[in-house]
Amino acid sequence: MSHFKPYFAPGRVLLFNLLGALLVWSWLSPSLLFWTAWDDAVFFTTNAWLHEDNAAWVLLVAFTNNRLFDVASLLVLLGIFLWAMRRDAPCQYRLLRWGGIGLTMLLSAVFIAQGVSMAVPYTHPSPTLVYENVNLITEMVEFSTKDSSASSFPGNHGINLILFTAFMWRFAGLRVALVSALFAVLLSAPRILGGAHWFSDVYFAALAINLIVTPWILLTPLGPVLAGAITGWLVKVRSALPQVA
């Protein structure tokens with residue numbers, strides 16, 4: 001089946017939604033302390049690595065939490081996107097078709113962000129603001145970096161990285177999706193390593209949100225049809241522009 005052909009897979013939608021619901025249950029259940037234990041274990045382990053005698057690691061974590069690294073992350077995702085486009089079979093409107101996919105992904109990210117802000121009233125501060133006497137990279141380097149957030153739940157970086165991976169899986173296939181998933185882990189790690197996010201902000205919240213919402217975009221005609229409509233609009237716009245001889 002073509003990656004671009006609209007179809008409805010209710011069984012897969014239900015499966016992913018069920019997995020998302022199980023994640024939510026595992027986090028809300030008062031009888032389980034799974035996520036709390038993981039959050040504390042990951043934070044105290046990684047925070048202990050941040051000390052003056054481990055200067056190279058401190059510099060690495062600080063740099064990857066700098067705004068410039070966010071730009072580098074976008075370039076990595078753009079590179080994967082271009083790779084996916086080049087792997088697609090050549091056709092007259094390949095560039096515009098992938099432009100439609102990219103715009104659909106951006107619209108989905110905006111929709112999810114707005115939906116989460118309205119549907120999820122809960123949030124919490126990062127671990128560096130919860131615990132005292134912790135190691136802060138902002139106090140160890142002389143350039144701008146980030147090690148805290150007053151509202152770290154859910155992890156917005158994680159939501160968008162997982163969403164990108166899902167789009168690559170839907171439209172580019174498993175190989176590109178696996179590479180995207182690898183970089184989703186790598187690019188979301190700095191916020192956790194620096195203490196600005198809990199482990200569960202990404203691997204519970206961001207993952208659960210995508211498991212519940214994204215299948216309704218990608219495993220129904222909604223996403224492909226919207227991408228096709230945007231592509232058609234882009235084709236009309238290009239046709240209306242003066243042609244360069």
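## Terms and model

Relative accessible area, computed with a 1.4 Å probe on protein chains only, sorts residues into buried (under 20%), exposed (over 50%) and partly exposed (in between). By that scale S151, at 42% relative accessibility, counts as partly exposed.

The model is predicted, so that local features need pLDDT of at least 70 and side-chain atom pairs count only at pLDDT 80 or more, while totals for chains, interfaces and linings use all residues. Residues are numbered from 1 along each chain as its sequence is written, and side-chain values use heavy atoms, with hydrogens and water left out.

## Confidence

The pLDDT, which is the predictor's confidence in each residue on a scale from 0 to 100, averages 91 over the protein, and 98% of the residues score at least 70. Helices are DSSP runs of H or I with at least four residues, numbered from the N terminus; confidence is highest in helix 10 (residues 215-218), at a mean of 96, and lowest in helix 11 (residues 222-240), at 88.

## Two serines

S151 is located in the loop between helix 6 (127-130) and helix 7 (156-172). With residues up to four places away in sequence left aside, S151 is in contact (heavy atoms within 4.5 Å) with T123 and H124. The side chains of S151 and T123 also form a polar contact at 2.7 Å, a term for a pair of N or O atoms within 3.5 Å in which, within protein, one must be able to donate a hydrogen and the other to accept it, residues adjacent in sequence counting only if both atoms are side-chain atoms.

S26, by comparison, belongs to helix 1 (residues 10-28) and is buried, with a relative accessible area of 14%. A polar atom of the S26 side chain lies 2.7 Å from the backbone oxygen of L23, and S26 touches L32 and W35 when residues up to four places away in sequence are not counted.

## Aromatic rings

Rings of Phe, Tyr and Trp (its six-membered ring) pair if their centres lie within 6.5 Å, and planes under 30 degrees apart count as stacked, over 60 as edge-to-face and the rest as tilted. The count by this rule comes to 21 aromatic pairs. In one of them, Y122 and F153 have ring centres 5.2 Å apart and planes at 75°, so the pair is edge-to-face. This pair links distant parts of the chain, 31 residues apart, with Y122 in the loop between helix 5 (94-119) and helix 6 and F153 in the loop between helix 6 and helix 7.

Y122 is partly exposed at 39% relative accessibility, whereas F153 is buried at 8%. Both belong to a cluster linked by ring pairs, whose members include W27, W35 and F199.
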